[in-house]
Amino acid sequence: MKYTNIDFNDKTILITGGAGFIGSNLAFYFQNNYPLSNVVVVDCFRSDKTLSNGNLKSFGHYKNLLGFRGTVISGDINDEAILQKLEDDYSFDFIFHEAAISDTTVNEQDLMIQTNVNAYEDLLKIAIKHNANMIYASSAATYGDAPSPQTVGRENPGNVYGFSKLMMDNITRKYIQEGVTISIVGLRYFNVYGPREFYKNKTASTVVQFGHQILAGKTPRLFEGSDKILRDFIYIDDVIQANIKACAPKASGIYNVGTGKARSFQDIADILQKELGTNLGTDYIPNPYVGQYQFHTEANINNTVEYLDFKPAYEMEDGIKNYIEEIKRLYTSEVKDK
Ligand SMILES: NC(=O)c1ccc[n+]([C@@H]2O[C@H](COP(=O)([O-])OP(=O)(O)OC[C@H]3O[C@@H](n4cnc5c(N)ncnc54)[C@H](O)[C@@H]3O)[C@@H](O)[C@H]2O)c1
């Protein structure tokens, strides 16, 4: 699907975090739709390093890039030598900056700010030098428990992750105000789900996690009151649409990327059971995150529609239907008997 008139076939494209969920989907978008584009992926990939919450320090996985024919560089965006190499060895037309500590429960504030905020500004400087348009990942976490519909300008981050993304947006505003020749677009993704998220482990969406519980014959376990915990869940293809349209925005800025509709966790479990042909009911467990949890998110996408021409195409029913064969494949190859 081509979302713009830009011919990316003669373009050089940097995707940071390209071995992760959203970055690898972008890499394949270009490979499949613009086979002559020159796509460079930079990712620090995973090692066995964990952070104090017990989760992996980074989730990049080679399996997300199986079949990718572009350039793959293993590197840390906090490493000045890697940044220098990117600046000297390439001339980028577009930078899609997805690399980040994407785990919202990470406690290491120093690493979070360095990776998410400071490295972003370094990459932005490269974008300006190369005259490359910058499209980067912000987050709905900037809103914390701010009331729905979440609207740019009314943020209230509830953790250091959300704070870090808000600081990226502040940097963006500063550069836009100073007047840069490139366009800079921050995309505040809401809850994204879809193929290539599996290697985010526990931080992958509940869609794939519930799907695998159901395929194991277990009753899906939801937090108590899950019919009243609503989020704006968005399918990966719509996130790709937003990224591509953000290459030629009517105006630089920060935009929400959601469907504009809130759906419950109960809906996810119910739609999955319908698609998988099961009738296992649901179990409810106490919610340990009360107080630090977003209970209702629903993106205000008016500006995204107006300035990026964004048109979300997937209702949750459509997204899960599209994803279900991949959920089954992952279960057979990665989960069952492991
Ligand atoms: N998935 C969502 O629902 C969602 C929602 C809001 C925002 N986001 C943001 O979107 C972006 C992509 O998220 P994702 O879901 O694909 O997560 P992900 O963890 O799969 O992708 C992030 C990638 O960045 C890499 N990375 C981490 N630290 C790095 C470093 N120092 N140097 C180089 N690479 C590094 C990781 O290895 C990983 O491959 C992130 O910036 C995330 O914060 C995601």
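At what angle do the axes of helix H3 and helix H4 cross, and within what distance do they come? The model is predicted, so local features need pLDDT of at least 70 and side-chain atom pairs count only at pLDDT 80 or more, while totals for chains, interfaces and linings use all residues. Residues are numbered from 1 along each chain as its sequence is written, and side-chain values use heavy atoms, with hydrogens and water left out.

Helix H3 (residues 109-130) and helix H4 (residues 160-178) cross at roughly 25 degrees, and their axes come within 9 Å. H3 is therefore roughly parallel to H4 (angles under 35 degrees count as such). Their crossing is right-handed, the near helix being turned clockwise from the far one by less than a right angle. On the H3 side, the residues in contact (heavy atoms within 4.5 Å) include Met 112, Ile 113 and Tyr 120, and among those they meet in H4 are Phe 163, Met 167 and Ile 171. By class, this contact has 13 nonpolar, four polar and four charged residues.

A second pair is formed by helix H5 (residues 206-215) and helix H7 (residues 265-276), which pack at an angle of about 45 degrees with their axes 10 Å apart. H5 and H7 are therefore oblique to each other. The crossing of this pair is right-handed. Residues of H5 including Val 207, Phe 210 and Ile 214 take part in the contact, as do residues of H7 including Phe 265, Ile 268 and Leu 272.

Definitions and conventions. Axes fitted to C-alpha atoms, helices over the stretch in contact; angles between N-to-C directions. Helix = DSSP H or I, 4+ residues; strand = E, 2+ residues; numbered from the N terminus. Parallel < 35°, antiparallel > 145°, perpendicular 65-115°, else oblique. Nonpolar A, V, L, I, M, F, W, Y, C, P; charged D, E, K, R; others polar.
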